[in-house]
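Q: I'm new to this one, could you walk me through it?
A: Gladly, let's look at it together.

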Amino acid sequence: MLIRRGFKPRPMSLDVPFPHNLDEARASRLCERLGHYAFRLFLRGLILAQRPLLPSEATQYLKPAQAEGYATQLVELGLARREKDERLKLLHPAQNFGGTLEWYVARELRVRLGFDVATGLKFHAEGVGGDLDVVATAEGKLLYLELKSSPPKHLASGEVEAFLQRVRRLRPDVALFVMDTSLRLEDKVLPMLREALSAHVPAPRRILREVWALTPHLYLVNARQDLMLNVAAAVAEGLRALAPPPP
């Protein structure tokens with residue numbers, strides 16, 4: 001679908017803390033754990049540290065017993081090991097959490113919603129920078145998701161502008177700007193997106209929780225309660241908006 005639109009996308013190897021040939025059983029178990037926001041915070045903390053940590057040091061948002069439990073799960077999955085001083089070391093270090101988030105969301109779109117998916121694509125569109133985090137297709141429709149694993153306070157206006165440039169060039173049927181955070185989006189991220197939209201658009205519409213429709217084709221989503229349920233709600237709203245009006 002991208003090539004038919006005149007682009008020359010190039011797939012990149014995802015930067016993830018596990019083997020790319022992860023067997024289906026372990027991939028399924030890992031996805032189940034990644035469905036929990038607290039586990040994602042824990043794994044993100046381990047990745048960002050770039051060194052072995054005591055489980056309690058990975059993030060300040062978890063109680064020690066909860067962090068210890070997640071550490072045990074990573075060891076059981078074969079993704080980490082205990083050092084002699086009980087510090088936890090990832091066996092396949094990654095540079096950041098972004099690749100893991102892309103892998104998780106793409107897999108869930110494929111397994112739960114039946115999409116064909118691709119991740120981490122070099123866009124190579126003239127005058128437009130950045131990569132396409134996740135693209136997916138079903139029912140002849142093209143879906144594009146931009147994923148952010150950092151809190152809203154780290155989001156720069158240039159990132160929002162670049163995302164909208166890619167949307168305008170790609171022209172997907174539905175586009176999602178996804179923040180993997182439980183924090184509110186209406187204080188900072190929603191105003192940034194509205195300001196960056198060149199055309200006049202009506203006031204954003206809340207679909208549920210922190211799932212917002214900026215246009216019938218553009219949605220803002222966070223991870224409050226459940227990231228993938230929120231993504232699915234935005235996808236459903238976008239696909240319904242594309243359908244002809246009922247008789």
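A: A term to start with: a nonpolar core is a set of buried Ala, Val, Leu, Ile, Met, Phe, Trp, Tyr and Cys residues joined through side-chain atoms within 4.5 Å. Please keep in mind throughout that this is a predicted model.

Q: OK, so which residues touch the most other members in the largest nonpolar core?
A: The largest nonpolar core has 54 residues, and those touching the most other members are F42, L74, W103, L109, L145, L176 and V231. As a general point, nonpolar side chains in soluble globular proteins tend to be buried together.

Q: What is L145 in contact with, leaving aside its neighbours within four places in sequence?
A: With those neighbours set aside, L145 contacts V105, L109, D133, V134, L176, V178 and V231.

Q: And E146, is that buried or exposed?
A: E146, which is found in strand β6 (residues 141-148), is buried, with a relative accessible area of 4%. Its side chain is joined to that of Y144 by a polar contact of 2.8 Å. Apart from neighbours within four places in sequence, E146 is in contact with D131, D133, F163, R166, L176, F177 and V178.

Q: Switching to helices, which residues of α1 are buried?
A: In α1, which covers residues 24-34, the buried ones are A27, L30, C31, R33 and L34. Seen down the axis of α1, these buried residues fall within an arc of 160°, so they line one face of the helix.

Q: Why would residues three or four places apart point the same way?
A: An α-helix has 3.6 residues a turn, so residues with that spacing point the same way.

Q: What covers that buried face, then?
A: The cover over the buried residues of α1 includes α2 (37-49), α3 (64-76) and α4 (98-113).

Q: And what caps the N-terminal end of α1?
A: That is D23, which has a side-chain oxygen 3.2 Å from the backbone nitrogen of A25.

Q: Anything to know about the loops, say where Q50 sits?
A: Q50 is in the loop between α2 and α3, and it has a positive phi of about 60° although it is not a glycine. Most residues other than glycine have a negative phi. Q50 counts as partly exposed, at 45% relative accessibility.

Q: What about the phi of E86?
A: E86, in the loop between β2 (80-82) and β3 (88-90), has a positive phi as well, near 75°, and is likewise not a glycine. At 44% relative accessibility, E86 counts as partly exposed.

How values were computed:
Residues numbered from 1 in each chain as written. Predicted model: local features only at pLDDT ≥ 70, side-chain atom pairs only at ≥ 80, totals over all residues. Heavy atoms only, no water. Buried < 20%, exposed > 50% of the residue type's maximum accessible area, 1.4 Å probe, protein only. Helix = DSSP H or I, 4+ residues; strand = E, 2+ residues; numbered from the N terminus. Arc of directions from axis to C-beta. Contact = heavy atoms within 4.5 Å. Polar contact = N/O pair within 3.5 Å; in protein donor to acceptor, adjacent residues only side chain to side chain.
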